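Please keep the viewer open as you read.

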Amino acid sequence: MFLGEFGCLVAYLIWRLFKKQDSDSTELESHHTKKRMHPIFFLPPAFCDLLATSLSYIALNITYTSSYQMFKSSVIIFTGILSCLVLKTSFSAQKCVGIILVTFGLFLVGLSDFLFGSDSGTAKAPILGDVIIVFGTLITSIQVVIEEKLVVKNRMPPLLAVGWEGVFGLTMLGLLVIPLYFIKVPFLSSLPDHRLEDPYDAFVQIKNAPTIGFWVVVNVVTIGFFNFAGICVTKELSATTRMVFDSFRSFFFFFLLSSLTIDE
């Protein structure tokens with residue numbers, strides 16, 4: 001994930017190299033103004049990204065896949081509330097009604113997990129997983145609100161913003177992999193030795209099945225584009241709009257899984 005974001009920094013440096021002689025590049029000029037924001041300000045959103053992603057994958061291991069996708073939409077609610085409190089954003093009546101409908105829908109999904117479970121498979125602790133997902137989306141909403149405040153206020157180029165998050169994220173993850181390798185949690189981990197992280201096993205799998213390596217590269221590239229597009233939407237529109245677009249994934253997953261089920 002952070003490797004793809006780091007790639008955005010490489011892309012920005014290449015773009016800057018080609019645009020160095022172009023005096024008409026207003027975005028490049030704005031970056032060289034006297035008031036420059038220190039990259040360390042992107043450490044908090046990078047930490048939020050790392051924490052939220054980790055919580056999401058933990059929850060995915062103990063709850064239903066369908067509930068996981070649905071509860072991810074709760075990020076719209078938290079982002080809207082934080083935007084009002086931190087960024088002083090005002091919402092129209094239509095948007096408020098939309099947030100209320102999302103809240104009601106999530107309540108129904110949680111109630112369904114509590115009363116009936118799911119037909120899509122087994123889950124170790126669906127209620128706990130749902131709670132972890134919601135907490136993870138709260139962290140994500142904090143991340144995108146911070147990004148909006150930093151990018152919009154300081155006219156930060158989206159590629160550079162995503163790139164610095166990738167730098168800090170890679171650094172933190174590289175340091176965390178070491179202790180996580182020695183932590184064994186059979187309840188959460190399905191790895192051979194039940195470790196929380198096992199980079200050695202990952203490289204062994206890629207060596208034994210090169211197709212995995214191909215999809216890892218595809219994942220890195222798509223995540224880079226995904227985060228760059230997200231920051232662009234945040235900069236031009238708002239963090240809440242970005243999260244609304246992000247939640248469209250639930251619809252795509254629903255229609256894709258429905259079509260596959262029908263074909264079978």
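A residue counts as buried when its relative accessible area is under 20%, and as exposed when that value is over 50%. Keep in mind that this is a predicted model.

**A buried threonine**

T137 sits in helix α7, which covers residues 126-154. T137 is buried because its relative accessibility is 2%, under the 20% cut-off. Its side chain makes a polar contact, at 2.8 Å, with the side chain of S74. Setting aside neighbours within four places in sequence, T137 is in contact with F71, K72, S74, V75 and F78.

**Helix α5**

One of those contacts of T137, V75, is also among the buried residues of α5. Helix α5 runs over residues 75-86, and its twelve residues reach 16 Å from the first C-alpha to the last, close to the 16 Å expected. Just after α5 comes K88, with a positive phi of about 60°.

**A nonpolar patch on the surface**

Now turn to the surface, where L3, F6, V10, I14, L17, F18 and L170 form a nonpolar patch. Together they have about 680 Å² of accessible area. Helix α1, residues 2-19, gives the most to this patch, with six residues. L17 belongs to α1 and is exposed, because its relative accessible area of 62% is over 50%.

Here are the two residues side by side:

| Residue | Relative accessible area | Class |
|---|---|---|
| T137 | 2% | buried |
| L17 | 62% | exposed |

Definitions and conventions:
Residues are numbered from 1 along each chain as its sequence is written. This is a predicted model: local features need pLDDT of at least 70, side-chain atom pairs count only at pLDDT 80 or more; totals for chains, interfaces and linings use all residues. Side-chain values use heavy atoms; hydrogens and water are left out. Helices (H or I, at least four residues) and strands (E, at least two) are DSSP runs, numbered from the N terminus. The expected span of a helix is 1.5 Å times one less than its number of residues. Buried means under 20% relative accessible area, exposed over 50%, partly exposed in between (1.4 Å probe, protein chains only). Patches are made of residues with over 30% relative accessible area and no salt bridge: like charges are joined within 9 Å, nonpolar side chains (Val, Leu, Ile, Met, Phe, Trp, Tyr) within 5 Å. Accessible areas come from the Shrake-Rupley method with a 1.4 Å probe; for residues, only the protein chains shown count as cover. A salt bridge is a side-chain nitrogen of Lys or Arg within 4 Å of a carboxyl oxygen of Asp or Glu. A polar contact is a pair of N or O atoms within 3.5 Å; within protein, one must be able to donate a hydrogen and the other to accept it, and residues adjacent in sequence count only if both atoms are side-chain atoms. Contact means heavy atoms within 4.5 Å.
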